[in-house]
Amino acid sequence: MTTTYELTDLDKLEAEAVHIFREVAATIEKPALLFSGGKDSVVMLHLAVKAFWPAPVPFPVMHVDTGQNFDEVLEFRDRTVERYGLRLIVASVQDDIDAGRAVEVGGPLGPRNQLQTVSLLRGIKENQFGAVFGGARRDEEKARAKERVFSFRDEFGQWDPRNQRPELWSLYNGRHRKGENMRVFPLSNWTELDIWNYILQEEIDLPQLYYAHSRTVVERDGMLLAVNRFIEPQPGEEVYEAMVRFRTIGDATCTGCVQSTAGTRQAVVDEVAAARITERGATRADDRISEAGMEDRKKEGYF
Amino acid sequence: MSQLLRIATAGSVDDGKSTLIGRLLFDSKAIFEDQLGAVETASVARGHEGPDLALLTDGLRAEREQGITIDVAYRYFATPRRKFIIADTPGHIQYTRNMVTGASTADVALILIDARHGVLEQSRRHAFLATLLGIPHLVLCVNKMDLVDYAQERFEEIRTEFAAFAAKLEVTDLTFIPVSALTGDNVVTRSSAMPWYEGPALLRHLEELHVASDRNLIDSRLPVQYVIRPQQADFHDFRGYAGTVAGGVFRPGDDVTVLPSGFSTKVSNVWGPGGEKLDEAFTGQAVTVELADNIDISRGDMICRPNNKPTSSQDVDAMICWMNGDSTLAAGSTYTILHTTRETRASIKDLEYRLDINTLHRDDQAPELRLNEIGRVRLRTQKPLHFDPYQRNRDTGSFILIDEATNSTVGAGMILGTSQPESNIVWHSGAVTREQRKTKGMTLWFTGLSGSGKSSVAVEVERRLVASGRPAYILDGDNLRHGLNANLGFSPEDRAENVRRVAEVAKLMADAGVVAIVSLVSPYRADRDAARAAHVADGLPFLEIFMDTPLEVAEARDPKGLYAKARAGQIPDFTGISAPYEAPLSPDLMLRPSDGDVDALAAFVIDRVEQQ
């Protein structure tokens, strides 16, 4: 037989994501893609570029900037946006803090992940975005496992998990009234390993933080945090040099790194395949809040 | 090459479904230490001994508090051979709506039965919904075998009872596996407690399940999703029609027709995502095609082949599952309908019946469909839909209904066909009924490779039947291609049409009281299934007889010298060499060269005919 007419799992996931991008572009006014420079958003942007070839991506990207990001990631963000000729909108958490719309918990240099909700919702409202693409995956967290690909948000940006729209076949209902919006998750069915396998297959560039490098770290709450202008070692904490890499990249105050010697895409794929701890469990202090932490934050309008 | 398999699970907490999924995830090492740690903490908090694997699958706070599953949850795990996506749906609250959702994209359904309680109403309901949603493979896990002392008798009892029920449904592939999710027997590894069970463990079965031929590779369909016009210097004249192939295959150079305009042109280029130039694109691929002529095409149009078009109609018969608790479906109401990439309005002309999914009883007096109810309706759409029956193509046969006031998705539909009243062609019933004819007609459908012995056995069967006084007639594939089918080639589309015509002629003969003996390679399962369906719909017996002769044997025989030519590249699309043969999954009769000579094989067929 000449061909078997079968797609690999990655080809299928890619086709599904491309379908979702095109569906949104065709049916929803004013979409935007959330882009932080983190690996999931980089993969998402890569897929968007492929979906509309040879035309440019027909929507802007938005970064919800906590003001406490790694410099390398911001440089990567700007370089990528320029390379694809995209329009970048920055929704600044600092602006919201300065204007009193968001209140810092734990004082200066406290984690700002939760504050992002305010800036995200403001960015959506000010720009009148009808749909926002997010890089969330269902394998990340229990509450996410129940979220739709097209997730409806009411006029307050809130998610009602008990009243979600049924989602069947590949028929997506993105209808909403003015003021309401859709969150769309093209990577819903991807796992961390799928993401890395795809990065390997497509030779996608990432911030160097994702690969092993030598860094000054401090151990806190069982996590390794990078010492920089956001993280000051406290008395009694041990500070040392280590070969590390980041499995996720978020707010620099609460994103931990892991000891690793994986310096290439292939080495990271091998490491992820053998990992026995989830990426959030290993490196996200903010996700350790409670059994229902993510569910509560999502209801309020979080990513 | 790693592949993706989508699984729908059904069952209630009591069946141990969550434990089974937890066990699959745990034993295949898809559970991470921190997740297990969280489960252990929660288990201790609730006073369980050891980790309660069911807790791995509870997502929302209310679910954990009430110990139930509210919504469809998606789980992921992988083995070196496959990546699995489980759509986990609850068995109790709003079971239908959620199970229909989870089943809509599934390749295989896992149904759990508690070995102590046997086949319950709920098990039948789950099996029915799985087949209604067109899931090709059903796996019955008879769970809690540890609580019935791993008794083979109990397993066999349940198997027999369920198989009898399944015979009433359109199940193509049904497998039974005795398991204990709690202890792990036969879930990931074979159980030593049940030496009498010779099949594979559940995970192995899921890894090896053959799903490649479940897809429709015959009816070429590309619903236009988005038109790409870069309007840039480099691609000044580029006009690409983007979409996900919903059936068949498209290649550069193919003749295509665009619906609804009916204009025909050729495919000039097929592009994959990111501009990868493709020789062909098939079902499931997201592509962009360029066409040779500049014709007006927009989202919602359907690109197909000139000699294989979907049905275009504004009058549609469908099964609908109602998914909304705030409203009901009744004749007269109007909705937005989303079908492939086409969006239009649909009004409900008639609710023909409501189906009781426990008894399969049809209530034609039902005034409405409420949440979780299923019924058959007639719709009239504002613009025509271009569709195939759902059982032939899930992508072009499905739709959703959207409430125009609330924007909620309220109904899920599976198309049966076009409603009859709009047709001007009326069926004339004759004065003579089938019972009044002297002989009882039927169709014997011989399928198999060229040289497998179909014609030899068919000739002997015909001789014996006629000698016994029963009218019989051979419809030979090669012979029919000289006349009735002279205008057809050997592409998948033409083969489909060839089979369709032969099936229709066979049906007429069977209706006239003749035993129609079809001898036809008929390599595609979907085509043979359509032939069977056409007979069943008319109440005519149909026996599929599979000449299971290995390719090497058929090729060695090569009575017409065709294999030699095909090997030399002189015959394109030759079944077994350069075109696929999809063996029947459950033929009525299977004949192998080792079963005897032509006389012996013909005798088996005659026996089977006499049983009918």
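1. A residue is called buried here when its relative accessible area is under 20%. The model is a predicted one. By that cut-off B:Asp558, with a relative accessible area of 16%, is buried. B:Asp558 sits in the loop between helix H12 (551-557) and helix H13 (562-567) of chain B. Its phi is positive, about 35°, although the residue is not a glycine.

2. B:Lys144 is a further case of positive phi in a residue other than glycine, with a value near 65°. The loop that holds B:Lys144 runs between strand E5 (137-143) and helix H6 (152-166) of chain B. Its relative accessibility is 18%, so B:Lys144 also counts as buried. As background, most residues other than glycine have a negative phi, and most peptide bonds are trans.

3. One runs from B:Leu259 to B:Pro260, with omega near 10°; B:Pro260 is in the loop between strand E11 (255-259) and strand E12 (264-271) of chain B. The other joins A:Trp53 to A:Pro54, with omega near 0°, and A:Pro54 lies in the loop between helix H2 (39-52) and strand E2 (61-65) of chain A.

4. Chain A contributes 65 residues to the contact and chain B 89 residues. About 6700 Å² is buried between the two chains, with carbon and sulfur atoms giving 56% of that area. A:Tyr5, A:Trp53 and A:Trp169 supply 14% of the area that chain A buries against chain B, more than any other three residues.

5. In chain A, helix H6 (residues 192-202) has several buried residues, among them A:Glu192, A:Asp194 and A:Trp196. The helix is followed by A:Glu203, whose phi is positive, near 50°. The C-alpha atom of A:Glu192 is 17 Å from that of A:Gly256, 64 residues away along the chain. A:Gly256 belongs to strand E10 (residues 256-259) of chain A and is buried, at 0% relative accessible area.

6. Overall, chain B has 14 helices and 27 strands. The C-alpha trace spans about 75 × 70 × 55 Å along its principal axes, and 57% of the residues of chain B count as buried. Of the contacts in chain B with a separation of 6 or more, 72% are between residues 24 or more positions apart.

7. On charge, chain B has 65 positive and 83 negative charges, whose mean positions are 3 Å apart. Chain B exposes about 25300 Å², and carbon and sulfur atoms supply 49% of this area.

How values were computed: Residues numbered from 1 in each chain as written. Chains lettered and ligands numbered in written order. Predicted model: local features only at pLDDT ≥ 70, side-chain atom pairs only at ≥ 80, totals over all residues. Heavy atoms only, no water. Helix = DSSP H or I, 4+ residues; strand = E, 2+ residues; numbered from the N terminus. Buried < 20%, exposed > 50% of the residue type's maximum accessible area, 1.4 Å probe, protein only. Contact = heavy atoms within 4.5 Å. Areas by Shrake-Rupley, 256 points an atom, 1.4 Å probe, with all protein chains shown as cover. Lys, Arg positive; Asp, Glu negative; His and termini not counted. Charge placed at Lys NZ, Arg CZ, Asp CG, Glu CD. Buried area = accessible area lost by both parts, 1.4 Å probe.
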